[in-house]
Amino acid sequence: MTLFKKVFGDTKPVIGMVHLKPLPGAPGYGGNLEDVYQVALKDLKALEAGGANAFIVENFGDIPYDSANELISVTSFTEIATRLRQETSLPMGINVQFNDVDSEWAVAYACNADFIRVEVFAETRVGPNGTFKAAGPHLMRLKQRYPKDIALLCDLNVKHTFALAEQPLDFTIESIIEGGGDAVIETGLVTGKSPSIEEVKQTKRIAGDFPVIVGSGVKAETAKDYFDVCDGAIVGSSFKVDGNVMNGIDEDRVKKFVEALKR
């Protein structure tokens with residue numbers, strides 16, 4: 001059994017985002033860590049009540065992101081994720097911005113998470129947060145030293161970045177598969193923007209039986225079309241109040257999305 005199937009079973013998962021408010025160490029931190037947790041818990045419960053199959057905890061508010069996070073930030077992230085883990089049986093993922101795989105693996109390992117999102121696994125990317133080389137070789141060695149069944153969901157041409165050197169699509173996908181990833185994530189250029197159906201179809205043709213997740217821009221109105229092609233989706237903006245990524249989770253929007261997949 002693959003790790004992807006072990007985590008998500010035979011379903012095509014709807015994976016919601018629990019976007020954390022700024023943590024200690026981030027420029028926007030408000031000074032009260034308990035407030036950060038309570039907002040996160042409210043969002044988790046809305047996702048769960050709305051019918052999401054899984055969730056990812058992400059330090060979304062820690063703008064501008066760095067490739068290495070302060071110890072106080074990572075420790076605070078771990079404390080919140082551990083408490084959230086105790087509140088639900090849904091599969092939980094960890095995403096520490098930006099591509100901080102050492103912290104991701106450590107947090108996921110410590111709080112018994114089921115998967116992590118790896119933005120830059122088999123490419124070299126540049127963007128407003130810096131230059132990021134492929135983390136796959138380092139991460140797989142880290143996983144070897146501290147083994148645990150934590151699935152790796154790996155981005156392809158991750159949003160908010162550009163390739164330092166262009167790679168053929170099939171080469172990158174095959175590198176993720178051969179390198180030890182458990183799924184490919186395909187996104188649009190920025191948060192809230194989806195890849196085209198044709199782009200997802202092309203990726204799925206190359207990946208074959210290997211799972212392909214759409215990582216941005218899927219809405220209730222388009223969900224069925226994408227899920228006919230892909231193996232699941234990560235949903236952030238579309239689940240928020242008024243569709244604004246800075247707002248909290250709207251349970252009714254989650255329900256509408258889930259219901260759209262049953263038609």
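Glycine 127 is partly exposed, because its relative accessibility is 29% (buried means under 20% relative accessible area, exposed over 50%, and partly exposed in between, with a 1.4 Å probe and protein chains only). Glycine 127 lies in strand S5, residues 125-127; helices (H or I, at least four residues) and strands (E, at least two) are DSSP runs, numbered from the N terminus. Not counting residues up to four places away in sequence, glycine 127 touches His160 and Thr161, where contact means heavy atoms within 4.5 Å. Methionine 92 is 35 residues from glycine 127 along the chain, and the C-alpha atoms of the two are separated by 27 Å.

The model is predicted: local features need pLDDT of at least 70, side-chain atom pairs count only at pLDDT 80 or more, and totals for chains, interfaces and linings use all residues. Residues are numbered from 1 along each chain as its sequence is written, and side-chain values use heavy atoms, with hydrogens and water left out.

Aspartate 155 belongs to strand S7, residues 151-156. This residue counts as buried because its relative accessibility is 0%. The side chain of aspartate 155 makes a polar contact with the side chain of arginine 117 at 2.8 Å. A polar contact is a pair of N or O atoms within 3.5 Å; within protein, one must be able to donate a hydrogen and the other to accept it, and residues adjacent in sequence count only if both atoms are side-chain atoms. Leaving aside neighbours within four places in sequence, the residues in contact with aspartate 155 include Arg117, Val118, Glu119 and Ile185.

The next feature is the nonpolar interior. A nonpolar core is a set of buried Ala, Val, Leu, Ile, Met, Phe, Trp, Tyr and Cys residues joined through side-chain atoms within 4.5 Å. The largest such core has 62 residues, of which Leu20, Phe77, Leu84, Ile94, Ile116, Leu139 and Phe257 touch the most other members. Helix H2, residues 33-50, gives the most to this core, with seven residues. Another core, of 15 residues, lies apart from it and has Phe4, Val7, Phe8 and Ile185 among its members. Leucine 139 touches Val101, Trp105, Ile116, Val118, Phe121 and Leu152, not counting residues up to four places away in sequence.

Five aromatic pairs are found in a search of the whole structure. Rings of Phe, Tyr and Trp (its six-membered ring) pair if their centres lie within 6.5 Å; planes under 30 degrees apart count as stacked, over 60 as edge-to-face and the rest as tilted. The ring centres of phenylalanine 239 and phenylalanine 257 are 5.2 Å apart and the planes stand at 85°, so this pair is edge-to-face. It links distant parts of the chain, 18 residues apart: phenylalanine 239 is in the loop between strand S11 (233-235) and helix H9 (251-260), and phenylalanine 257 is in helix H9. Both phenylalanine 239 and phenylalanine 257 are buried. Elsewhere, ring pairs link Phe4, Phe8 and Phe115 into a cluster.

Charged groups also sit over rings, a term used if NZ of Lys or CZ of Arg is within 6 Å of the ring centre and within 35 degrees of the ring normal. The charged end of arginine 83 is over the ring of tyrosine 37, 3.6 Å from its centre. Lysine 148 lies over the face of tyrosine 109, at 4.8 Å from the ring centre.

Side chains of opposite charge can pair when their charged atoms come close. A salt bridge is a side-chain nitrogen of Lys or Arg within 4 Å of a carboxyl oxygen of Asp or Glu, and the count comes to 15 salt bridges. Lysine 45 and glutamate 87 meet in a salt bridge through their side chains (3.9 Å, N to O). This pair links distant parts of the chain, 42 residues apart, with lysine 45 in helix H2 and glutamate 87 in the loop between helix H3 (71-85) and strand S3 (92-95). Lysine 45 counts as partly exposed at 34% relative accessibility, and glutamate 87 counts as partly exposed at 34%.

Aspartate 114 forms a salt bridge with arginine 85, with the closest N and O atoms 3.0 Å apart. Aspartate 114 is partly exposed, with a relative accessible area of 23%, whereas arginine 85 is buried, with a relative accessible area of 14%.
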